[in-house]
Amino acid sequence: MALASVSSRAIEGIHAPEVSVEVHLGNGLPGFSLVGLPDTEVKEARDRVRAALTTCNFEFPQRRLTANLAPADLPKEGGRFDLPIALGILAASGQIKQAALDGIEFAGELSLSGALRPVRGSLAMALAATRAGRALILPRENAQEAALAHGAQVFAANSLLEVVAHLNGHTTLEAVRADAAVTTSVVYPDLVDVRGQAAARRALEIAAAGRHSMLMYGPPGTGKSMLAQRLPGILPPMTDAEAVESAAVLSLEGSFSIDAWKRRSIRAPHHSASVAAIVGGGSSPRPGEISLAHHGVLFLDELPEFDRRVLESLREPLETGSIMVSRAARRADFPARFQLIAAMNPCPCGYRGSARCRCTPDQVARYRGRLSGPFLDRIDLVLEVAPLNAHELQQASAGETSAAVRKRVERAAGIQLKRQGCANALLDSAGVERFCTPDAEAAKLLTAAIERLGLSARGTHRLLRVARSIADLAGAPTVGRPHVAEAIQLRRELPRAP
């Protein structure tokens, strides 16, 4: 037949909308037109497909050839449409049957030799194909990742020749299963490596139990970065749903590895990172660091050194758990349910309070003034990480292991899921009033803290969420005075410049 249609997928944010690749052979001078809002990479498919078909000894039709990527108003990018375009040409010219293409979706970039190269977003495509009830044929490098989608029927191919042989019934492509793809265990840095810092370890445990954001301040070398890197190791294991969501976002960037399955991401961007790098952006929107840290940890070291616009852009995602990246022609919605851990020095030189510091009060005020009140109001825990003395530095570590702390965190997280269906940090206002109401003695202490510290309504709710997490760690059914008192100690303002 002179007309063929092949199913594929584009990438739009975290979603993979269906694209129908229609190929028509008509009369007229030989030519190859590619329409349907393709970008430069997609337009170059004409040359890659022509060379691949010729190299594989298929006949390239010497007719007027038109390939339409429908719908026409959806932007198309990348080399993912090379394989479906090539198969559409073969079906339109009668070299394979159209019926063999039904019920299957295809994606893959072609080399000039006909070999298949990997593409981005294979997990998102697999999820969408599974919902549509279709199988998916992908390059081998993408197949194991795509098989992580529950119920997906994924076939791995090395070349165009293998795909055509499968469609013609001469051979059968390998079906990849998820249980064969996942073969590794998750290992994180251990908390036992941290010497001393009992207060910081306790705060880290509370943050893990309720998925709270945390800011640590103190001189260089006190262990702030070390503590942050060990947070993923005491968080509860990822559920299958969380793992798929995290892997789908990483797949969009092409940075997902099968070895990282169910491993919580910890992203630590440099303080010179731009707003687009942190929240996402580009003419064709890509996920930023906050989305790549989805269900993981975003660690911002040297917090005041970040551009103020970057820090202010985090305010909405911290509340909503998602980010809408809008551009003139395109818009994309990315998930961003991350746990923020930040660290900073007490002054520009880092040694405030010691004889080594030469910073003036104005310099200290300007340094700390880079963090706005609305941003700090969204931080649940603020604590000082003091330097260790000589004895603490030299003695062997006697702290608990990550495994021991994680057991308590898992127990507290289980209580939260059973009681309210989410972590304490994710409770809305109604949830705080329902599940975090303090008893009479705790309410008196809370009232005094609100007046003395000048807490906003948001700050008060955050304090109550932290107190609820402390109570859950203790196995207490209600929020009592000790829990509120500890939460107040962990929500102090940054010391002011003298």
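Student: At its relative accessibility, does Arg48 count as buried or exposed?

Tutor: The model is predicted, with pLDDT of at least 70 needed for local features and 80 or more for side-chain atom pairs, while totals for chains, interfaces and linings use all residues. Residues are numbered from 1 along each chain as its sequence is written, and side-chain values use heavy atoms, with hydrogens and water left out. Buried means under 20% relative accessible area, exposed over 50%, and partly exposed in between, with a 1.4 Å probe and protein chains only. Because the relative accessibility of Arg48 is 14%, this residue counts as buried.

Student: Which residue forms a salt bridge with Arg48?

Tutor: A salt bridge here is a side-chain nitrogen of Lys or Arg within 4 Å of a carboxyl oxygen of Asp or Glu. For Arg48 the closest N and O atoms of the pair are 3.8 Å apart. The partner is partly exposed, with a relative accessible area of 41%, and its name is Glu44.

Student: How many residues apart are Asp240 and Lys262, which form a salt bridge?

Tutor: The closest N and O atoms of Asp240 and Lys262 are 2.6 Å apart. Helices (H or I, at least four residues) and strands (E, at least two) are DSSP runs, numbered from the N terminus, and on that basis Asp240 lies in helix 10 (residues 240-253) and Lys262 in the loop between helix 10 and strand 12 (266-267). Both are partly exposed, Asp240 with a relative accessible area of 48% and Lys262 with 30%. The pair thus links distant parts of the chain, its separation being 22 residues.

Student: Which residue meets Arg370 in a salt bridge?

Tutor: Arg370, partly exposed at 36% relative accessibility, lies in the loop between helix 15 (361-368) and helix 16 (373-376). The partner lies in the loop between strand 15 (297-300) and helix 13 (308-312), so the pair ties together parts that are 65 residues apart in sequence. At 34% relative accessibility the partner also counts as partly exposed, and with an N to O distance of 3.4 Å it is Glu305.

Student: How many salt bridges does the structure hold?

Tutor: Some of the charged residues are linked in a network of salt bridges, made up of Glu319, Asp377, Arg378, Asp380, Arg458, Arg462 and Arg491. For the structure, the number of salt bridges is 27.

Student: What volume does the largest cavity have?

Tutor: On a 1 Å grid over the protein atoms alone, a cavity is a set of points where a 1.4 Å probe fits but cannot get out, a pocket is an open set with protein on both sides within 12 Å along at least five of seven lines, and lining residues have an atom within 4 Å of a point. Grid points are joined across faces, edges and corners, and a volume is the space filled by probe spheres set on the points. By this rule there are 2 cavities of 30 Å³ or more, and residues including Glu12, Arg120, Arg286 and Phe334 line the largest cavity. Its volume is about 70 Å³.

Student: How many charged residues are in the lining of the second largest cavity?

Tutor: Ala, Val, Leu, Ile, Met, Phe, Trp, Tyr, Cys and Pro count as nonpolar, Asp, Glu, Lys and Arg as charged, and the others, Gly among them, as polar. The second largest cavity holds about 40 Å³ of space, and Lys262, the salt-bridge partner of Asp240, is among the residues that line this cavity, as are Met238, Trp261 and Arg263. The lining divides into 7 nonpolar and 1 polar residues, with the number of charged ones being 2.

Student: Which helix gives the most to the lining of the largest pocket?

Tutor: The largest pocket has a volume of about 760 Å³ and is lined by 38 residues, with Arg211, Arg337, Ala423, Ala425 and Leu426 nearest its centre. Elements that give two or more residues to this lining include helix 8 (198-210), strand 18 (339-344) and helix 21 (457-474). By class the lining has 16 nonpolar, 10 polar and 12 charged residues. With 5 residues, the element that gives the most is helix 18.

Student: Which residue of strand 4 stands opposite Val23?

Tutor: Two strands pair if DSSP finds at least two bridges between them. Strand 2 (residues 18-26) and strand 4 (residues 64-70) run antiparallel and are joined by 7 bridges, whereas strand 3 (residues 31-35) runs parallel to strand 4 with 5 bridges. In strand 4, Thr66 stands opposite Ser33, and the residue opposite Val23 is Ala67.
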